[in-house]
Amino acid sequence: MAKSTPIYPILFIPDFSTPKDFSPNIKPNGSGTAPVGASEEQFGEVLVHYFGVIVRSQQEMLPNGHERPYTADFLIVEPNTGLHIDIEVDESHSFATGEPTHCIGDDDYRNKCFVEAGWVVIRFAEEQVVNQPGRCCRFIANVLAKVTNNTDINKQFADVLPVTPMKQWSRRHATSLKKNKYRQRYLSVT
């Protein structure tokens, strides 16, 4: 049976051993130096607008047995429960190298490391955070509400439509998107 194509937003939720205690097994160990994506600064401002000081950017997490940490594009730490949410913005290819990135399967091990550390992982396609930032925040709020049973956070999104789903790309499809200048069009870059 063929494996189905993942659909953005992509969500991974750990098995929490005790309800009400969502503090991760591995906490962040500071700010990272990973390159910031073309759309991340603007989306970070939107995240802070809706979620305030619980948003941090470029936070590192060092999985057990690893020498090098992973860097979360954004981290939301829910203050009442300690729930950690890694928010990732996936682009189809790098402007710097032109290489396909975040293709189907590329981030499986990384996602596994975050989930095993007790972090929720939400992956958005870059186009979603550029064109639908409020809708992406609605998705995040709904995840927070579902996991913590605190529905106060998502009340501000009552009039916001759900984020439009998008299929994750294969390496071949990412190469085609680059050739057709797909990122440049939605980023309005020449």
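Select Lysine 181 to begin: this residue is found in the loop between α5 (171-179) and α6 (182-187), where helices (H or I, at least four residues) and strands (E, at least two) are DSSP runs, numbered from the N terminus. The model is predicted, so local features need pLDDT of at least 70 and side-chain atom pairs count only at pLDDT 80 or more, while totals for chains, interfaces and linings use all residues. Residues are numbered from 1 along each chain as its sequence is written, and side-chain values use heavy atoms, with hydrogens and water left out.

**Backbone exceptions**

The phi of lysine 181 is near 55°, a positive value in a residue other than glycine. At 53% relative accessibility, lysine 181 counts as exposed; the classes are buried for under 20% relative accessible area, exposed for over 50%, and partly exposed in between (1.4 Å probe, protein chains only). Next, select asparagine 149, in the loop between α4 and β7. Its phi is near 65°, again a positive value in a residue other than glycine, and asparagine 149 is exposed at 63% relative accessibility. Then move to tyrosine 8 and proline 9, which are joined by a cis peptide bond with omega of about -5°. Proline 9 is placed in the loop between β1 (7-8) and β2 (10-12). As background, most residues other than glycine have a negative phi, and most peptide bonds are trans.

Select strand β3 (residues 55-61), which contains glutamine 58. Glutamine 58 is buried, with a relative accessible area of 8%. Its side chain makes a polar contact of 3.4 Å with the side chain of glutamate 40; such a contact is a pair of N or O atoms within 3.5 Å, of which, within protein, one must be able to donate a hydrogen and the other to accept it, and residues adjacent in sequence count only if both atoms are side-chain atoms. Leaving aside neighbours within four places in sequence, the residues in contact with glutamine 58 include Gly30, Ser31, Thr71 and Asp73, contact being heavy atoms within 4.5 Å.

β3 and β4 pair in the antiparallel sense over six bridges; two strands pair if DSSP finds at least two bridges between them. Methionine 61 has tyrosine 70 in β4 as its bridge partner. Seven of the eight residues of β4 are buried, so this strand is largely enclosed by the rest of the structure.

Strand β4 (residues 70-77) runs antiparallel to β5, and four bridges join them. Isoleucine 76 is partnered by isoleucine 85 in β5, and phenylalanine 74 stands opposite isoleucine 87. The hairpin of β4 and β5 has six residues between the strands, and glycine 82 there takes a positive phi near 80°.

Which residues of β5 lie on each face? His84, Asp86, Glu88 and Asp90 are on one side, with Ile85, Ile87 and Val89 on the other, and all of these are buried. In a regular strand the side chains alternate between the two faces of the sheet.

**On to β6**

Select strand β6 (residues 120-125), which runs parallel to β5 and is joined to it by six bridges. The chain crosses from β5 through helix α2 (residues 108-116) to β6 in a right-handed β-α-β crossover, that is, with the strands pointing away from the viewer, the path from the first strand over the helix to the second runs clockwise. Valine 89 has phenylalanine 124 in β6 as its bridge partner.

**Aromatic rings**

Display the aromatic side chains: the whole structure holds ten aromatic pairs. Rings of Phe, Tyr and Trp (its six-membered ring) pair if their centres lie within 6.5 Å; planes under 30 degrees apart count as stacked, over 60 as edge-to-face and the rest as tilted. Phenylalanine 43 and phenylalanine 74 form an edge-to-face pair, 5.9 Å centre to centre with 80° between the planes. Phenylalanine 43 lies in helix α1 (residues 40-51) and phenylalanine 74 in strand β4, 31 residues apart. Both phenylalanine 43 and phenylalanine 74 are buried.

Then select tyrosine 50 and phenylalanine 157, a tilted pair at 4.7 Å centre to centre and 45° between the planes. Tyrosine 50 is partly exposed, with a relative accessible area of 24%, whereas phenylalanine 157 is buried at 2%.

Finish with the aromatic cluster formed by Phe43, Phe74, Phe124 and Phe139.
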